[in-house]
Amino acid sequence: MLVEGVDHVYVPMVDAAAAFAVLSDGLGLPVLWPFTSFGSFSSGGVSVGSIKLEILEANPVTPWSAAQSPPEIQAIAFRPSRAVDGAFLAEVDGRDIARSAPERFDREGRPAWTNVYFTDVIGPTAGVFVCDYHLPGPRDLALRRRVLEECGGARLGVVDAAELVIAAADTGAAERRWQRLLDPLTPDGPLTWRPPVGPGIRLVDGAKDKVEYLALAVHSVEEATRVWREADAGPLAGFPMQFVPA
């Protein structure tokens, strides 16, 4: 496999710090890193089970980072199956997946992670990349699950990230692009894949290529919907989130 599954998703927002505060302080989702400046971008991340939900301050540097209205999930970060090295990049090229050069990010003078952006999987305002962490903490799936369980899923009662739903103007062409990325994983159903790590991925017909929403599995859809409606009126208005039974 080229990728194991989804590691995190990010949502660029103009008032990202305020939106992050609602998710973390208002809704009680466990903070994996506080809202922080990383030099070229600023973001904060919370746990929603097997993946991290990152709120990104809109900026002109990070790919797919011009905020949309209403906000959209504009990038899906995958866990590479192995280190992003020459052999990995050769495999990407062999699958005819258009990509960027590797971009390394340092923290406190040490390599922290390397990103490679795949430029033609979704569309012009949203995309896919691999994030190869060089530090153990950010890769720790058990930690993400544990902190969510310890707070009972927070006010929304989140159990895990269930599914990413992605619209495509041409689902046939989109299916071929996704299959090149996910091979040898076979579809779990029509236009649907279930990678070993993270939520499922499902394509649906749409007017344009974009991520429609992230579905969270929750203890009670009715209660999560009620709590979310309260938050959705503020900085998270129109946020691309839905709920399904756990």
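In the predicted model, leucine 191 is located in the loop that joins H4 to S10. Although leucine 191 is not a glycine, its phi is positive, at about 60°. With a relative accessibility of 21%, leucine 191 counts as partly exposed. The loop between helix H4 (171-182) and strand S10 (192-193) also holds proline 184. The peptide bond that leads from aspartate 183 into proline 184 is cis, and its omega is near 5°.

Alanine 154 is placed in the loop between H3 and S9. Its relative accessibility is 17%, and alanine 154 therefore counts as buried, the limit being under 20%. Another cis peptide bond runs from serine 69 to proline 70, with omega near -5°. Proline 70 belongs to the loop between S4 and S5.

The largest nonpolar core comprises 61 residues, of which Leu53, Ile55, Ile76, Phe78, Trp178 and Leu181 touch the most other members. Apart from this core lies another, of 13 residues, which includes Ala77, Trp113, Tyr117 and Cys131. In general terms, nonpolar side chains in soluble globular proteins tend to be buried together. The surroundings of isoleucine 55 illustrate the packing in detail. When residues up to four places away in sequence are not counted, isoleucine 55 touches Val11, Met13, Ala16, Ala19, Phe20, Leu23 and Phe35, and also Ser42, Ser43, Gly44 and Phe239.

Alanine 90 is situated in helix H2 and is partly exposed, with a relative accessible area of 46%. Between the C-alpha atoms of alanine 90 and leucine 141 the distance is 28 Å, for a separation of 51 residues along the chain. Aspartate 85 occupies the loop between S5 and helix H2 (86-94). The relative accessible area of aspartate 85 is 37%, which makes this residue partly exposed. Aspartate 85 and lysine 210, which are 125 residues apart in sequence, have C-alpha atoms 29 Å apart.

Helix H3 shows buried residues on one face. Arg144, Val147 and Leu148 are the buried residues of H3. Viewed down the helix axis, these residues fall within an arc of 100°, and so they line one face of H3. Glu149 and Glu150, on the other side of H3, are exposed. The partners against which the buried residues of H3 pack are S1, S2, strand S3 (42-47), S4, strand S5 (75-80) and strand S9 (158-168).

The largest pocket contains about 680 Å³ of space. It is lined by 32 residues, and those closest to its centre are Trp33, Phe38, Trp113, Tyr133 and Pro138. One of these, Trp113, is also a member of the core of 13 residues. Several elements each supply at least two residues of the lining, namely strand S1 (3-13), strand S2 (31-37), strand S4 (52-57), strand S6 (103-107), strand S7 (110-123), strand S8 (126-133) and helix H3 (141-150). The largest share of the lining comes from S7, with five residues. By class, the lining of the largest pocket consists of 18 nonpolar, six polar and eight charged residues.

Note on methods. Residues numbered from 1 in each chain as written. Predicted model: local features only at pLDDT ≥ 70, side-chain atom pairs only at ≥ 80, totals over all residues. Heavy atoms only, no water. 1 Å grid on protein atoms, 1.4 Å probe; cavity = no way out; pocket = protein on both sides within 12 Å on 5 of 7 lines; lining within 4 Å. Points joined across faces, edges and corners; volume = space filled by probe spheres on them. Helix = DSSP H or I, 4+ residues; strand = E, 2+ residues; numbered from the N terminus. Nonpolar A, V, L, I, M, F, W, Y, C, P; charged D, E, K, R; others polar. Core = buried A, V, L, I, M, F, W, Y, C linked by side-chain atoms within 4.5 Å. Buried < 20%, exposed > 50% of the residue type's maximum accessible area, 1.4 Å probe, protein only. Contact = heavy atoms within 4.5 Å. Arc of directions from axis to C-beta.
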